[in-house]
Amino acid sequence: MATNFAIAIKNLSFSYDGRTVLEDVNLTIASGEFATVVGPNGGGKTTLIKLILGLFKPRSGQVQVFGKLPEAVRHRIGYLPQHLQLDPSFPVTVRDVVLMGRLGNKRSLGQEQHSDKRIAQMALQDVGLEGLDDHPFSSLSGGQLRRVLIARALCCEPDLLILDEPTVNLDPRAEKELYDTLGLLNERLTIVLVSHDLAYVTKFASQVVCVKGTVNVHPTSEVDSEVMSEIYGAEMRLVRHDRYRDNGEKM
Amino acid sequence: MTEFLQAVAHYSFMQNALLAGLLASVACGLVGSYVVARRISYLAGAIAHSVLGGIGLADYLAVVYGWTFLKPLYGAVIAALAAAITIGLVTLRAREREDTVIGAIWAIGMAVGIFFIVKTPGYSENLMSYLFGNILLVSRQELWLLVVLDIVVVVVGILFYRQLLAVCFDEEFARVRGVPVEFYYLLLLCLTALTVVLLVTVVGIVMVIALLTLPAAVARYFSRTLWQSMIVATICSMIFTFAGLAISYRPDLPAGATIIILAGAVYLLVTIGYSLWRRRHRVN
């Protein structure tokens with residue numbers, strides 16, 4: 001596989017508790033892309049993300065990130081999990097949360113370095129929350145909370161940013177602001193965004209990855225009502241799926 | 001109060017009691033904050049109750065087989081650590097049966113303890129003091145063990161603060177950052193186990209969860225970060241144990257129970273006060 005791909009997945013299958021979740025997945029995402037992962041609930045979106053992060057192991061096939069196994073390049077990935085598992089009343093400040101992104105970057109016991117604080121500050125600037133360092137995590141609004149978690153992911157100084165449903169429960173304005181921020185970040189990072197909502201995404205995304213047991217890829221320009229209904233199953237209509245070879249050419 | 005202070009000045013058992021309380025408070029504030037933040041007080045309860053199994057077995061071996069080197073407190077440490085690691089592995093590996101297994105460890109630990117305590121020849125009045133606390137019976141020798149436990153808990157808890165914080169806050173993210181999440185989770189449970197042993201000497205097995213969690217729960221209202229919560233919880237716990245001992249001394253009340261009632265009352269007042277204060281702030 002060529003190494004100028006941020007993500008390259010080949011013939012991947014994955015099953016969980018004996019149930020096949022993903023089958024025969026082939027997917028490449030080039031460096032610098034803004035890819036959106038869409039699909040119905042239970043279709044395997046989050047599973048695909050966890051395979052890319054190396055948190056799950058494929059049953060067969062392979063996943064490469066920057067040409068290597070995911071575990072080997074985890075430090076280059078910034079990750080925003082579905083935040084719903086977090087305890088919003090946890091006693092931490094915004095700075096503490098963002099600094100968690102520095103973990104694993106060096107072998108330090110306990111104390112963070114001065115440079116870490118600077119990187120954390122820059123990450124907060126990137127998401128438009130400068131000056132909020134000392135605020136308690138519990139005092140943030142939904143939109144701010146998501147931004148803080150993105151800042152934490154940026155604090156890893158990643159080359160690839162993976163966000164799992166960052167816009168759930170956000171009002172339309174906060175959602176739009178978030179996508180504007182991501183659009184700016186895409187100038188220097190590869191972004192993979194899981195969403196069940198295509199409305200804003202198509203403005204920025206260069207590639208739409210549809211996950212529903214297996215994976216189909218659409219260039220954003222082709223996402224129309226037909227593709228939408230194919231993804232969400234509102235109506236049954238035939239849709240042409242582009243399959244890509246490893247080198248990115250259409251088959 | 002003056003009577004209490006005179007007693008502390010004159011009687012070594014009162015000094016030992018006070019020292020044990022203050023030592024336990026430090027570990028309690030530090031580990032209690034982790035436990036409350038990570039919401040594992042139920043696990044701490046199971047660890048506490050399995051301690052009785054270790055105490056009972058150690059006592060039995062000491063009396064029946066003459067293993068006098070095996071003090072009940074050593075048995076408590078071993079049983080607490082064994083329970084912590086078992087519970088840790090169960091919660092990591094078999095999430096769907098978690099509550100069943102934890103409930104079982106809770107009860108089996110107690111059953112083993114009662115079994116051996118009853119089968120041990122001689123007095124079994126110790127059972128009550130282990131269950132409800134025997135702070136006035138803490139010996140110099142036990143005090144030294146408490147010092148060692150305290151140092152271990154505090155040093156490890158502070159040294160790995162960032163890692164433990166990250167694991168408590170967001171396990172999955174920590175894993176992606178290459179933090180060995182399972183290791184730190186087990187480490188946290190082992191720290192909890194050692195803290196539980198410290199607290200058992202103060203308030204007894206049955207009331208450990210309250211002293212472990214109430215100071216940290218009070219502290220959360222007054223702290224923005226976990227380390228602030230640790231400091232406030234330590235101070236709260238020291239006040240509770242000191243005041244509990246002082247109040248219980250003259251009327252000859254059970255010290256452990258007094259400490260817990262005091263802690264519970266303060267927690268209740270702070271919670272009510274906080275919600276009233278918030279309501280008022282919202283109206284204005």
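This is a predicted model: local features need pLDDT of at least 70, side-chain atom pairs count only at pLDDT 80 or more; totals for chains, interfaces and linings use all residues.
1. Extent of the interface. On the chain B side, 22 residues are in contact with 37 residues of chain A. The area buried between the two chains is about 2,800 Å². Carbon and sulfur atoms give 60% of that area. Three residues stand out: Arg162(B), Phe169(B) and Arg177(B) supply 32% of the area that chain B buries against chain A, more than any other three residues.

2. Four salt bridges are counted between chain B and chain A. One of them joins Arg220(B) to Asp87(A), with the closest N and O atoms 3.9 Å apart. That pair falls under the salt-bridge rule because the cut-off is within 4 Å. Polar contacts across the interface come to 12 residue pairs, both residues at pLDDT 80 or more.

3. Which elements of chain B touch chain A. Helix H8 (161–169) and helix H9 (171–176) of chain B each supply at least two residues to this side. H8(B) gives the most, with six residues. By type, the touching side of chain B divides into 11 nonpolar, three polar and eight charged residues.

4. Cysteines. The structure holds zero disulfides over all chains. Take Cys155(A): the closest cysteine sulfur is in Cys156(A), 6.8 Å away, which is too far for a bond. A disulfide needs the two sulfur atoms within 2.5 Å. Cys155(A) also counts as buried, at 0% relative accessibility. In chain B, Cys168(B) is in no disulfide, and the nearest cysteine sulfur, that of Cys190(B), is 14 Å away. Cys168(B) is buried, with a relative accessible area of 9%.

Technical notes
Residues are numbered from 1 along each chain as its sequence is written. Chains are lettered from A and ligands numbered from 1 in the order in which they are written. Side-chain values use heavy atoms; hydrogens and water are left out. Contact means heavy atoms within 4.5 Å. Buried area is the accessible area (1.4 Å probe) that two parts lose on being put together, summed over both. A salt bridge is a side-chain nitrogen of Lys or Arg within 4 Å of a carboxyl oxygen of Asp or Glu. A polar contact is a pair of N or O atoms within 3.5 Å; within protein, one must be able to donate a hydrogen and the other to accept it, and residues adjacent in sequence count only if both atoms are side-chain atoms. Helices (H or I, at least four residues) and strands (E, at least two) are DSSP runs, numbered from the N terminus. Ala, Val, Leu, Ile, Met, Phe, Trp, Tyr, Cys and Pro count as nonpolar, Asp, Glu, Lys and Arg as charged, and the others, Gly among them, as polar. Buried means under 20% relative accessible area, exposed over 50%, partly exposed in between (1.4 Å probe, protein chains only).
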